[in-house]
Amino acid sequence: MTESYGNKETSITLNKEGSDTYTKISYPVRYGVYSEIKTRDAVLHFNLNHEIVRAVGRTRQWIHPNEWLKRTRGDDWVYYSNGGYTGVFEATGEYYLPNLQYPTNAIIGGKPFKEPAVKDLTEAWHQRLIEIRESVNGVPSQVGRFLDQACAITPETLGQRAQQLFEISGGRVTVMPPDARHVDYDIIPLTISQGCLYKCRFCRIKTDHPFALKTREEITQQILALKKLYNKDRSNYNSLFLGEHDALAAGRELIVFAAEQSLALLGLDRANLGGSNLFLFGSVDSLLDTDPGLFDQLNRLFSNTYINIGLESADQETLDKLGKPITVAKVEEAFETIQAINHRYPNIEITCNFIMDESLPKGHYPSFLRLVRENFPHAKSKGTVYLSPLTINRPSREMVFEFNRLKCLSRLPTFLYIIQRL
Ligand code: SF4
């Protein structure tokens, strides 16, 4: 139930109801149920476990009133910028660009974490919270309890809870599927397999772990541990990520088991957000080997299923240079399969990734355009293609120019893939 308190300096609202639908819109939208503390200087948002999840500065030093900081489940602060509204939507499919504090492959974005107002909030939010607690008198008992509980959750506690999450999943999710942007990356991670099939030379996120499946017992234990960790805030999640790098290779039975158990035990389809979403990665071989019955089942189980496949290139010289042990013939067959599945299943979208880099062989971009342009007489709205820059920490005008050229020529929705961890 909503409860509020206000004095001249501070207003506090518990259990505010944000939007129940993820939308793409040019002003900030808050999702699910959260509590808000608003002072002259800042707005702080807390989830249903009283953990801080968002912060916005209200001073003149804050970069832009519509921009905000989000704290992720992995305990990273991410700064959402509108990029001056120039080209962010065209490049990413979203109105706000996540700026990250760790090295990534983004070719657009600034350095918001160098701004004193941003630094101040990420570093001193807890001290502010304590000061707010000390400054308010005569608050309703529920509000007082909320403040006490929020103050008790220190930055160290949040770091420990992030570690617990990584331990449950058998390691941190080092890269989320690009499609997770559709739910603002608010996904619950469940590892059903580890490792991947190819161990490509170019890949920075691969593990040494040979591809291996989790048992049903291990999956159920993980779900129960996740249920406990997400606790009351579980009701703000309607999306599941099946990890790790090639969950599609786990096969129909294990995927459906994990999906059904998660829906039942985590209540993803009964959350404060409407619908339910599933995200996973696949590979060329796992896609081509998939029992088609899986798609019939997923199409019924979730409102939306997004499967992201790393194709990387349709040029053999480029695949060889990347150290990706597959043939162009297989890439083309996978691409055709993707189109057929996207056409057949209204609730499933299979997306794919291609590499972008200035140093790739000459045949890479023409072969890419053969697939994404020449195969289609008209532009299509489904079957997104993500271009993933190979370079890390090197924003580049030339690359943005090249991306825009490819995007204009592509007849499939085409966006940048910004590598983001959970
Ligand atoms: S690109 Fe995908 S398949 Fe290749 S090594 Fe990385 S995770 Fe594995």
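I began with the strand β14, which gives the most to the lining of the largest pocket, with three residues. I kept in mind from the start that this is a predicted model.

Next I looked up the size of that space, and the largest pocket has a volume of about 740 Å³. I then asked which residues are the closest to its centre, and found Val175, Cys203, Arg204, Ile205 and Ile419, out of the 34 residues that line the largest pocket. Looking for elements that give two or more residues to this lining, I noted β13 (277-282), β14 (304-312), β15 (348-356) and β16 (385-389). Sorted by class, the lining of the largest pocket holds 17 nonpolar, ten polar and seven charged residues. I also checked the domains, and both domain 1 (3-153) and domain 2 (158-416) provide at least three residues each to the lining of the largest pocket.

I turned then to the second largest pocket, in which about 560 Å³ of space lies. The closest to its centre, among the 35 residues that line the second largest pocket, are Lys24, Glu94, Arg181, His182 and Asp184. For the elements, I found that β13 and β14 each supply at least two residues to the lining of the second largest pocket. When I divided this second lining by class, I wrote down 20 nonpolar, eleven polar and four charged residues. My last entry concerns the domains again, since the lining of the second largest pocket takes at least three residues from each of domain 1 (3-153) and domain 2 (158-416).

Technical notes
Residues numbered from 1 in each chain as written. Predicted model: local features only at pLDDT ≥ 70, side-chain atom pairs only at ≥ 80, totals over all residues. Heavy atoms only, no water. 1 Å grid on protein atoms, 1.4 Å probe; cavity = no way out; pocket = protein on both sides within 12 Å on 5 of 7 lines; lining within 4 Å. Points joined across faces, edges and corners; volume = space filled by probe spheres on them. Helix = DSSP H or I, 4+ residues; strand = E, 2+ residues; numbered from the N terminus. Nonpolar A, V, L, I, M, F, W, Y, C, P; charged D, E, K, R; others polar. Domains from an automatic or database assignment.
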